[in-house]
Amino acid sequence: MGITEKVGKDYNIATMKLSRILSNQNGVSRKRANALIAAGTVTVDGCICRETAREIDRFSTVACNGRVIQHGDQAHYLMLNKPAGYLSATADKVHKTVMELIDPELRKDLHIAGRLDRASTGLLILTNDGAWSRRLTEPRIKLPKVYRVTTVEPVSTNAIERFAQGIWFEYERLTTSPARLEPLSANESRVTIYEGRYHQIKRMFHATGNRVSSLHREQMGAITLDPTLEPGESRPLTSREIILE
Ligand code: URA
């Protein structure tokens with residue numbers, strides 16, 4: 001298998017210290033900014049903040065003595081029921097991309113939190129909040145991703161054990177984290193992985209002498225694909241879904 005490791009886009013997850021925002025936008029010295037913060041005149045999203053070093057991202061509104069210094073951008077979190085045939089990319093010269101399925105007003109600023117292959121279907125999450133999407137996809141955080149998989153050959157007991165032990169990926173020179181493979185019928189199974197490496201499930205089945213014929217993502221962390229969404233439809237995440245445990 002020829003593998004080119006795909007490195008995720010470097011999302012903007014920049015933050016700035018509160019005192020710096022104040023001195024940059026308000027035209028005061030850093031010392032004066034610290035004094036204003038310590039005096040309780042500065043609010044972050046409506047709450048007084050006395051922490052000069054608080055890291056502020058672009059989604060927070062900062063005010064000093066009631067005057068807004070930074071307007072927080074609106075954060076967007078969407079789930080899409082991805083149909084087959086759409087590329088998980090923001091733009092492409094050859095293939096249609098999932099962005100074409102999203103409201104043009106929203107799509108400008110969005111990125112994909114955990115891609116699916118072009119032929120794969122199901123839960124795809126899009127957001128403009130880079131720090132949030134990092135938590136959703138970071139292998140270290142070990143959020144489960146659940147897939148329904150159809151294979152060309154029946155799933156073997158050996159494959160269940162191999163998935164549980166972890167499978168050696170020569171290209172990256174690593175062993176995948178233990179994964180759960182639950183057969184549902186001879187050629188259908190549910191797979192839970194805790195990372196999201198390039199073509200991970202296809203490569204894991206390939207390593208056991210099998211081949212994936214279809215792959216559908218049902219869940220990422222506590223976010224489950226809404227069964228009322230037809231392929232190609234999307235909806236905003238609820239506030240509950242946005243909270244990542
Ligand atoms: N693993 C794959 O092989 N493909 C996907 O789209 C997702 C996980």
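Start by selecting residues 76–207, where UniProt, in an unreviewed entry, places the feature "domain: Pseudouridine synthase RsuA/RluA-like". UniProt positions follow the numbering used here, feature names are shortened, and annotations may be inferred rather than shown by experiment. Over residues 76–207 the chain is 22% helix and 29% strand, and the end C-alpha atoms lie 38 Å apart. Helices (H or I, at least four residues) and strands (E, at least two) are DSSP runs, numbered from the N terminus.

Before going further, note that this is a predicted model, in which local features need pLDDT of at least 70 and side-chain atom pairs count only at pLDDT 80 or more, while totals for chains, interfaces and linings use all residues. Residues are numbered from 1 along each chain as its sequence is written, and side-chain values use heavy atoms, with hydrogens and water left out.

**The whole chain**

Now zoom out. The C-alpha atoms fill a box of roughly 70 × 35 × 35 Å, taken along the principal axes. The secondary structure comes to seven helices and 17 strands. Of the 245 residues, 41% count as buried; buried means under 20% relative accessible area, exposed over 50%, and partly exposed in between (1.4 Å probe, protein chains only).

**Strand β7**

Select residues 77–82 next. Six of the six residues of β7 are buried, so this strand is largely enclosed by the rest of the structure. In a regular strand, side chains alternate between the two faces of the sheet. Here Y77, M79 and N81 on one side and L78, L80 and K82 on the other are all buried.

Which strands does β7 join? Six bridges link β7 to β9 (residues 121–127), and three link β7 to β17 (residues 234–236). Both of these pairings are antiparallel; two strands pair if DSSP finds at least two bridges between them. To find them on screen, look for N81 with its bridge partner L123 in β9, and M79 with its partner R235 in β17.

**Two loop residues**

Move on to S88, in the loop between β7 and α3 (104–107). Is S88 buried or exposed? At 6% relative accessibility, S88 counts as buried. Its side chain reaches the backbone oxygen of L116 at 2.8 Å. Leaving aside neighbours within four places in sequence, S88 is in contact (heavy atoms within 4.5 Å) with K82, V98, I112, R115, L116 and L124.

Then pick N187, in the loop between β13 (180–185) and β14 (188–193). N187 counts as partly exposed, at 24% relative accessibility. N187 and P154 are 33 residues apart in sequence, yet 4.5 Å apart in space, C-alpha to C-alpha.

Finally, find the open sheet of four strands in the order β3-β2-β5-β6, with antiparallel pairing. Its edge strands are β3 (47–48) and β6 (67–70), each pairing on one side only. Helix α1 packs on this sheet, touching β2 (42–44), β5 and β6, and its direction makes about 105 degrees with that of β6.

Axes are lines fitted to C-alpha atoms, for helices over the stretch in contact, and angles run from 0 to 180 degrees between N-to-C directions. Among the residues making the contact are L18 and L22 of α1 and A33 and L36 of α2.

Methods:
Polar contact = N/O pair within 3.5 Å; in protein donor to acceptor, adjacent residues only side chain to side chain.
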